[in-house]
Amino acid sequence: AAAEAAEEKRTSAAAAEAAAAEEAEGAEEVAKSEKEKKQEALLAGSWVAMVKFLCSKDGMGREVTGLFKDLDVDRSGDVDIDEFLYGMKGIGLKLRDDQARAIHADADTNGDGLLTLKEFTTACKKAT
């Protein structure tokens, strides 16, 4: 009887450990989902902030095409991350580097690390 009780105790402990592991995995998935939601909100909020700023008097009422040309410092026809970071700071848009990088990556639909005028204008239109 004592052996049976000990075995039952071990089985209960193993079941409790398995349940705790499952619960931890579920919590991790929820946390990941919350992190993804926050990232999406950050991107959406940042784009909206950028577009609103650019169209305001403080942003000199720039048009998106004009802004793109200003961001394209080397006149290559596309905007790499360094140009984008420099340009966002240059126009006074208060974004952290991680926010600007996330915006650039989100707008870079073909994933080549460069924003074309089409990608940039599409992303700006999507934000409004």
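This is a walk through the structure, with something to select at each stop.

**Before you start**

You're looking at a predicted model, where local features need pLDDT of at least 70, side-chain atom pairs count only at pLDDT 80 or more, and totals for chains, interfaces and linings use all residues. Residues are numbered from 1 along each chain as its sequence is written, and side-chain values use heavy atoms, leaving out hydrogens and water.

**Stop 1: the whole chain**

Follow the chain along its sequence and you'll pass through the pattern α-α-β-α-α-β-α. Of the 128 residues, 28% are buried. Buried means under 20% relative accessible area, exposed means over 50%, and partly exposed is in between (1.4 Å probe, protein chains only).

**Stop 2: helix 2**

Select residues 64-71, which make up helix 2. Which residues are buried in this helix? They are L67, F68 and L71. Now look down the helix axis: these buried residues fall within an arc of 100 degrees, so they line one face of helix 2. The arc is taken from the directions that run from the helix axis to the C-beta atoms. There's a general rule to keep in mind here: an α-helix has 3.6 residues a turn, so residues three or four places apart point the same way.

**Stop 3**

F68 belongs to helix 2 and F120 to helix 5, so the pair ties together parts that are 52 residues apart in sequence. Both F68 and F120 are buried.

**Stop 4**

Next, select T121, which is in helix 5 (residues 117-127). T121 is buried, at a relative accessible area of 19%. Show its side chain: one of its polar atoms lies 3.2 Å from the backbone oxygen of K118. That's a polar contact, meaning a pair of N or O atoms within 3.5 Å; within protein, one must be able to donate a hydrogen and the other to accept it, and residues adjacent in sequence count only if both atoms are side-chain atoms.

E119 is in helix 5 too, and is buried at 8% relative accessibility. D106 sits in helix 4 and is partly exposed, at 29% relative accessibility. Also try D106 to A123, which are 17 residues apart in sequence and 8.1 Å apart in space, C-alpha to C-alpha.

**Stop 5**

Jump to R75, in the loop between helix 2 and strand 1 (78-80). R75 isn't a glycine, yet it has a positive phi of about 55 degrees. Is R75 buried or exposed? It counts as exposed, at 57% relative accessibility.

**Stop 4: helix 3**

Select D80, which caps the N-terminal end of helix 3, with a side-chain oxygen 3.1 Å from the backbone nitrogen of D82. Within helix 3, the buried residues are E83, F84, L85, G87 and M88. I81 is also in helix 3, but is partly exposed at 22% relative accessibility. The C-alpha atoms of I81 and L114 are 7.2 Å apart, and the two residues are 33 apart in sequence. Just after helix 3, G92 takes a positive phi of about 90 degrees.

**Stop 5: the cavity**

Finish by selecting L85, M88, K89, L93, L95, R96, D97 and A100, which line the largest cavity. Helix 3 (81-90) and helix 4 (97-107) each supply at least two of the lining residues, and helix 3 gives the largest share, with three. A cavity is a set of points, on a 1 Å grid over the protein atoms alone, where a 1.4 Å probe fits but cannot get out; lining residues have an atom within 4 Å of a point.

Methods
On a 1 Å grid over the protein atoms alone, a cavity is a set of points where a 1.4 Å probe fits but cannot get out, and a pocket is an open set with protein on both sides within 12 Å along at least five of seven lines; lining residues have an atom within 4 Å of a point. Helices (H or I, at least four residues) and strands (E, at least two) are DSSP runs, numbered from the N terminus.
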